[in-house]
Amino acid sequence: MPAQLEFWFDFASPYSYVAAMRIEELCQIAEVRLIWRPFLLGPIFQLQGWDDSPFNLNERRGAYMWRDLERLTSKLGLPWRRPTQFPRASTLAARVGCAVAAQPWAGAFVRATFVANFGSDRAIGDAAELAEIIDSLGQPGQTTLSFAQAPRQRGLLRAQTERAASLGIFGAPNCVVGGELFWGEEALEDAVAWAQRSRAD
């Protein structure tokens, strides 16, 4: 059985942006199967007693994060434009992410949506913006949105977020490999290496 890695992320999470732009290539090189797991951080934060992002609740932590993102995106050559709204509504984007997670173009959608949020300051919670993003990938935007918002599909995101909580996920991004949790953008290489080791075992 091929090694696999679950990548848990929220489209409103700045560090998820940086990680999402790197994870698929890392997994391809390592021959590790990547599974996209979009979820919502809001309910996870509520479990910890927070009603907002910790980067908003803690001014010093937030200031550091924004400067760190400037450095990271510059280092990796990623588009960067600080969002005028943070955290930005991401429920619809996450629903689409759940609906297309098994499609071969899922990674392209994830990256394009993150770039829209953190590279272009676009409202990724808006259906028209998302339809345009999907269309730009050569996929049917309106049809995909309708599918993602159908009653059967809408429950996927809720179930995914509940599973994130059950796994002990407390922030994003997270990689899960065989029950092992790897938190943060800087842990990607360790997570991929763990998946490779698991395959060897």
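Visitor: Before we look at this predicted model, what is meant by a nonpolar core?

Guide: A nonpolar core is a set of buried Ala, Val, Leu, Ile, Met, Phe, Trp, Tyr and Cys residues that are joined through side-chain atoms within 4.5 Å. In soluble globular proteins, nonpolar side chains tend to be buried together. In this predicted model, the largest such core has 50 residues, and those with the most contacts inside it are Leu5, Phe7, Ile23 and Phe109. Helix H1, which covers residues 14-30, gives the most to this core, contributing 8 residues.

Visitor: Which residues does Phe7 touch, leaving aside those up to four places away in sequence?

Guide: With those set aside, Phe7 touches a list of residues that includes Ser16, Ala19, Ala20 and Ile23, as well as Leu34, Ile35, Trp36, Pro173 and Leu188. A second, separate core of 9 residues is also found, and among its members are Trp8, Leu41, Ala164 and Ala172.

Visitor: How should I read a pair of aromatic rings?

Guide: A pair of aromatic rings is described by the distance of the centres and the angle of the planes. The whole structure contains 19 aromatic pairs. In one of them, the ring centres of Phe9 and Trp36 lie 6.1 Å apart with the planes at 90°, and the pair is therefore edge-to-face, since planes over 60 degrees apart count as such. This pair links distant parts of the chain, with Phe9 in strand S1 (residues 4-9) and Trp36 in strand S2, 27 residues apart.

Visitor: Are Phe9 and Trp36 buried or exposed?

Guide: Phe9 counts as buried because its relative accessibility is 1%, and Trp36, with a relative accessible area of 4%, is buried as well. For Tyr15 and Phe55, the ring centres are 6.2 Å apart and the planes are at 50°, so this pair is tilted. Because Tyr15 lies in helix H1 and Phe55 in helix H3, the pair ties together parts that are 40 residues apart in sequence. Tyr15 and Phe55 are both buried.

Visitor: Which residues lie nearest the centre of the largest pocket, and how many line it?

Guide: The largest pocket holds about 630 Å³ of space and is lined by 33 residues, with Ser13, Leu41, Phe45, Ser53 and Pro54 nearest its centre. Helix H2 gives the most to this lining, with 4 residues, and by class the lining has 17 nonpolar, 9 polar and 7 charged residues.

Visitor: What is the volume of the second largest pocket?

Guide: The second largest pocket has a volume of about 360 Å³, and the largest share of its lining, 5 residues, comes from S2.

Methods: Residues numbered from 1 in each chain as written. Predicted model: local features only at pLDDT ≥ 70, side-chain atom pairs only at ≥ 80, totals over all residues. Heavy atoms only, no water. Buried < 20%, exposed > 50% of the residue type's maximum accessible area, 1.4 Å probe, protein only. Helix = DSSP H or I, 4+ residues; strand = E, 2+ residues; numbered from the N terminus. Contact = heavy atoms within 4.5 Å. 1 Å grid on protein atoms, 1.4 Å probe; cavity = no way out; pocket = protein on both sides within 12 Å on 5 of 7 lines; lining within 4 Å. Points joined across faces, edges and corners; volume = space filled by probe spheres on them. Nonpolar A, V, L, I, M, F, W, Y, C, P; charged D, E, K, R; others polar. Phe/Tyr/Trp six-rings, centres within 6.5 Å; stacked < 30°, edge-to-face > 60°.
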